[in-house]
Amino acid sequence: MEYLTLCKQYLKAINAGSLPLVLSLFESPEAIVRSPVYGQMTAGTYYRILFSDTRDAIIRIRHVYEALSDAPSIALHFSYTCITSNGHTVEYDGVDVFELTKDQTRFTKLTIIYDPTHTGLKPKLIQHSERIGAANLDLPAYNLELKFN
């Protein structure tokens, strides 16, 4: 599967609010997700909490960036609009950095980048006991380029 197809499947699964579809795109539900609001946790935990905190959401992909290194990874620049479970509308732009399996058919790790101070969202690090400590993980740097076709 080509990585752009994987990105489109992710977009469709998120916009549908489908936990099974989203998790099927990860190598494992135990894959790591790092978020400015929720901290660091497994994909299974992150998306379960995200979907329970969100009534409705729309993600629009603005740009897709490809890695310069041999390690397969991509970044999605996106616009996100959601209605939270308490009725607030939240809108922001951000970047999802995905590490991929070698055959580029699944995500192995996700790092979400945006400034939560502009969203009105507050970090929920203490509320979720399933958060994983950063000291125990190998967190690589990303080197990405814009791909022009």
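This is a predicted model: local features need pLDDT of at least 70, side-chain atom pairs count only at pLDDT 80 or more; totals for chains, interfaces and linings use all residues.
**Stop 1: Ser18**

Select Ser18. You are in the loop between α1 (3–16) and α2 (19–24). Is Ser18 buried or exposed? Ser18 is buried, because its relative accessible area is 17% and the cut-off for buried is under 20%. Now show what surrounds Ser18. Beyond its neighbours within four places in sequence, Ser18 touches Ala13 and Phe51.

**Stop 2: Ser35**

Jump to Ser35, in strand β1 (residues 32–35). Ser35 is buried too, at 8% relative accessibility. Show the side chain and look for backbone nitrogens. Which ones does it reach? The side chain of Ser35 reaches the backbone nitrogen of Val37 at 3.3 Å. It also reaches the backbone nitrogen of Tyr38, again at 3.3 Å. Then turn to contacts farther along the chain. Leaving out neighbours within four places, Ser35 is in contact with Tyr46, Ile112 and Tyr114.

**Stop 3: β4 and β5**

Select residues 73–84, which form strand β4, and residues 89–100, which form β5. The two strands pair antiparallel over 11 bridges. For a reference point, pick His77; Val95 in β5 stands opposite. Follow the chain into the hairpin of β4 and β5, where four residues lie between the strands. Stop at Gly87. Its phi is positive, near 95°.

**Stop 4: β5 and β6**

Pick Phe98 and find its bridge partner in β6, Leu110. The hairpin here has six residues between the strands. Within this hairpin, Gln104 takes a positive phi near 60°.

**Stop 5: the salt bridge**

Side chains of opposite charge can pair when their charged atoms come close. Arg62 and Asp93 form a salt bridge, with the closest N and O atoms 3.9 Å apart. The cut-off is 4 Å, and the count for the model is one salt bridge. The pair links distant parts of the chain: Arg62 sits in strand β3 (residues 54–67) and Asp93 in β5, 31 residues apart. Arg62 is partly exposed, at 46% relative accessible area. Asp93 is partly exposed as well, at 41%.

Notes:
Residues are numbered from 1 along each chain as its sequence is written. Side-chain values use heavy atoms; hydrogens and water are left out. A salt bridge is a side-chain nitrogen of Lys or Arg within 4 Å of a carboxyl oxygen of Asp or Glu. Buried means under 20% relative accessible area, exposed over 50%, partly exposed in between (1.4 Å probe, protein chains only). Contact means heavy atoms within 4.5 Å. A polar contact is a pair of N or O atoms within 3.5 Å; within protein, one must be able to donate a hydrogen and the other to accept it, and residues adjacent in sequence count only if both atoms are side-chain atoms. Two strands pair if DSSP finds at least two bridges between them.
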